[in-house]
Amino acid sequence: MSDPVSTSDIAAMSFEDALAELEQIVRRLEAGQVKLDEAIQCYERGAQLKSHCEQKLNEAQQRVDRIVIGPDGSVGAEPIKLGQ
């Protein structure tokens, strides 16, 4: 596993890669395959990965929210209305 406290590599990850690593960390922790110090580092990295995944999902949701279908069936984009 890479440096558990480095966030720069996480920022460059795709959603799928971050989720796969997060799932791997969860499996290792659930299986009890790590010592306490490493478990803490894994937990910290997992929290960073979770945050990154949430950010990516929010970005995707905002993009989807802007897609609109017009009355004539045409597909377009609409700016997000802030405060909703």
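Modeller: pLDDT is the predictor's confidence in each residue, running from 0 to 100. For this protein the average is 86, and 86% of the residues score at least 70. This is a predicted model, where local features need pLDDT of at least 70 and side-chain atom pairs count only at pLDDT 80 or more, while totals for chains, interfaces and linings use all residues. Residues are numbered from 1 along each chain as its sequence is written, and side-chain values use heavy atoms, with hydrogens and water left out.

Colleague: How do you know whether the span of H2 agrees with its 17 residues?

Modeller: The expected span of a helix is 1.5 Å times one less than its number of residues. For H2 that comes to 24 Å, and its end C-alpha atoms are 24 Å apart, so the two agree. Helix H3 (residues 36-65) has 30 residues and reaches 43 Å between its first and last C-alpha, close to the expected 44 Å.

Colleague: Why is alanine 18 called buried and not exposed?

Modeller: Buried means under 20% relative accessible area, exposed means over 50%, and partly exposed is in between (1.4 Å probe, protein chains only). Alanine 18 has a relative accessible area of 0%, so it counts as buried. This alanine is found in helix H2, and beyond its neighbours within four places in sequence it is in contact with Met13, Leu49, His52 and Cys53. For Cys53, which is 35 residues away along the chain, the C-alpha separation from alanine 18 is 6.6 Å.

Colleague: And what makes alanine 39 buried, with its 18%?

Modeller: Its relative accessible area of 18% falls on the buried side of the cut-off, so buried is the label. Alanine 39 belongs to helix H3 and touches Leu29 and Val34, not counting residues up to four places away in sequence.

Colleague: Then why does glutamate 78 get its label at 35%?

Modeller: Its 35% relative accessibility makes it partly exposed. Glutamate 78 lies in the segment after strand E2 (75-77), and it touches Arg66 and Val68 once residues up to four places away in sequence are left out.

Colleague: What makes you say H2 has a buried side?

Modeller: In H2, Ala18, Glu21, Leu22 and Ile25 are buried. They cover an arc of only 100° around the axis, which puts them on the same side of H2; the arc is that of the directions from the helix axis to the C-beta atoms. An α-helix has 3.6 residues a turn, so residues three or four places apart point the same way. Glu16, Arg27 and Glu30 are exposed on the other side of H2. What covers the buried residues of H2 includes H3.

Colleague: What do the buried residues of H3 pack against?

Modeller: Helix H1 (8-11) and helix H2 (15-31). The buried residues of H3 include Ala39, Cys42, Leu49 and Cys53.

Colleague: Which residues make up the largest nonpolar core, and why is it called that?

Modeller: A nonpolar core is a set of buried Ala, Val, Leu, Ile, Met, Phe, Trp, Tyr and Cys residues joined through side-chain atoms within 4.5 Å. Ile10, Met13, Ala18, Leu22, Ile25, Cys42, Leu49 and Cys53 make up the largest one, 8 residues in all. H2 and H3 are the elements that give two or more residues to this core. In soluble globular proteins, nonpolar side chains tend to be buried together.

Technical notes: Helix = DSSP H or I, 4+ residues; strand = E, 2+ residues; numbered from the N terminus. Contact = heavy atoms within 4.5 Å.
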